[in-house]
Amino acid sequence: MSTDRVIFSRPFRASRELANLEAVLASDHSHGDGQFTASATAKLKAITGAPHALLTTSCTSALEMAGLLLELGPDDEVIVPSFAFTSTATSMALRGATCVFADIDPATGNLDPESVAAAVTERTKAVVVIHYGGVAADMDRLLALAGQHGFAVVEDNAHGLGGSWRGQPLGTIGTLGTLSFHDTKNVHCGEGGALLLTDEILMARAEIIREKGTDRARFLRGAVDKYSWQDIGSSYLPSELNAAVLDAQLDEFDTIQAGRHRVWDAYAAGLADWAARNDVQLMTVPEDRAHTAHLYYLRTPTEQRRDDLIAHLGGLGISAPFHYVPLDSSPAGLKLGRTPRPCVRSAEFSGTVVRLPLWPGLRDEQVARVVEAVTAFTV
Ligand SMILES: Cc1ncc(COP(=O)(O)O)c(C=O)c1O
């Protein structure tokens, strides 16, 4: 058996990246909103069906834009999952809003609508939903709660470009959606992101917020003859160098996804019997959702056995990390949030989850080696 290390994630290399970068460097336009930004944005709109998309420097900055667009302030509360990345919460806390932590549904790792319902107050202005691993959250119940109580739904869709819920593309179902192009994501440009919008009024304001509070986007379209300070804002647009890489990656989106699904499917088939014998829960995808093969995870019955499995795989040269540490009990979560009900399932999920190596270039024999190593472990 080969003993080379099986790393957890390797950023994809698209064939046109270098040519695109050279074109930018040879041009006089490396700052944001040039031809590659326009091209990559058009491709994102085609993949997601979103009427509007704006490239940003990260998913975190797209979430910060969402917080600005929703006009969050110190009187507001935003419900976020405890089992989440820090940006999901800190982007809202940055506006002075209180993060109210809700628990997850262990079947998907996504927000549990019952827990959200219990967290709603008169101050609730938004909920931030993650589609963990690119598997949609239970959107109908969350949308129903949002409609009933009049709050916004932000989809932190860092994992879910190309995924869908009942045929609707992830990131376009709520009020606003965000994407990540960090190099651990399916499609990347080192660091990058995007904001997806359907609402014309929010879009008009978003392009100003993204460009230091100016109407430069309107000026570039020839709609105004000079641009000036219009609103609050920041610098959320990526350079053309990042957009050039992103554009090349999006050209090969189908290849990337096919490569990732090949690995995901091999894990699902190769681990099923072992999981059933060992009381291990494999990642599952409800029938009404198309996932993105962003992650393949499994859950052990206890935290100790999870740590033992990670150590066992590490000893065999396989990197298999855990994931988010619950936000509700984190130092910032205790300071900036509140937790109406203990997020017990988030803590359990966080303590028992292991992610297996998953990237499009992973060779079949490496996937087989991971399956062999996992199934050699008795839980
Ligand atoms: C759910 C979620 N949201 C947001 C982010 C932050 O993305 P970025 O690094 O593009 O800011 C991550 C990062 O992994 C994430 O997992």
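Guide: Histidine 131 touches Asn110, Ala136, Ala137, Met139, Glu155, Asp156, Asn157, His159 and Leu170, leaving out residues up to four places away in sequence. Contact here means heavy atoms within 4.5 Å. Keep in mind that this is a predicted model, where local features need pLDDT of at least 70, side-chain atom pairs count only at pLDDT 80 or more, and totals for chains, interfaces and linings use all residues. Residues are numbered from 1 along each chain as its sequence is written, and side-chain values use heavy atoms, with hydrogens and water left out.

Visitor: Is histidine 131 buried or exposed?

Guide: Buried means under 20% relative accessible area, exposed means over 50%, and partly exposed is in between, using a 1.4 Å probe and protein chains only. Histidine 131 counts as buried because its relative accessibility is 0%. Histidine 131 sits in the loop between E6 and H6.

Visitor: And what do labels like those stand for?

Guide: Helices (H or I, at least four residues) and strands (E, at least two) are DSSP runs, numbered from the N terminus. Strand E6 covers residues 124–130, and helix H6 covers residues 139–149. Together with E7, they make a right-handed β-α-β unit. Right-handed means that, with the strands pointing away from the viewer, the path from the first strand over the helix to the second runs clockwise.

Visitor: How do I read strand pairing?

Guide: Strands of a sheet pair through backbone hydrogen bonds, either parallel or antiparallel. The rule used here is that two strands pair if DSSP finds at least two bridges between them. E6 and E7 (residues 152–156) pair in the parallel sense over 5 bridges, with isoleucine 130 partnered by aspartate 156. E7 also pairs with strand E10 (residues 176–180), in the parallel sense over 3 bridges, and there aspartate 156 stands opposite threonine 178.

Visitor: What is the strand order in the whole sheet?

Guide: The open sheet of 8 strands runs E1-E11-E10-E7-E6-E2-E3-E15, with mixed pairing. Strand E1 (52–56) and strand E15 (337–338) stand at the edges with a single partner strand each, so one side of each has no neighbour in the sheet. Helix H7 (residues 200–210) packs on the sheet, touching E1, E10 and E11, and its direction makes about 20° with that of E1. That angle comes from axes fitted to C-alpha atoms, for helices over the stretch in contact, and runs from 0 to 180 degrees between N-to-C directions.

Visitor: What about antiparallel pairs?

Guide: E1 and E11 run antiparallel, joined by 5 bridges, and alanine 53 stands opposite leucine 196. E10 and E11 are antiparallel over 5 bridges too, with glycine 177 opposite leucine 196.

Visitor: How many residues are in the largest nonpolar core?

Guide: A nonpolar core is a set of buried Ala, Val, Leu, Ile, Met, Phe, Trp, Tyr and Cys residues joined through side-chain atoms within 4.5 Å. The largest has 72 residues, and Tyr132, Leu197 and Leu298 are among those with the most contacts inside it. Helix H3 (residues 59–69) gives the largest share of this core, 7 residues.
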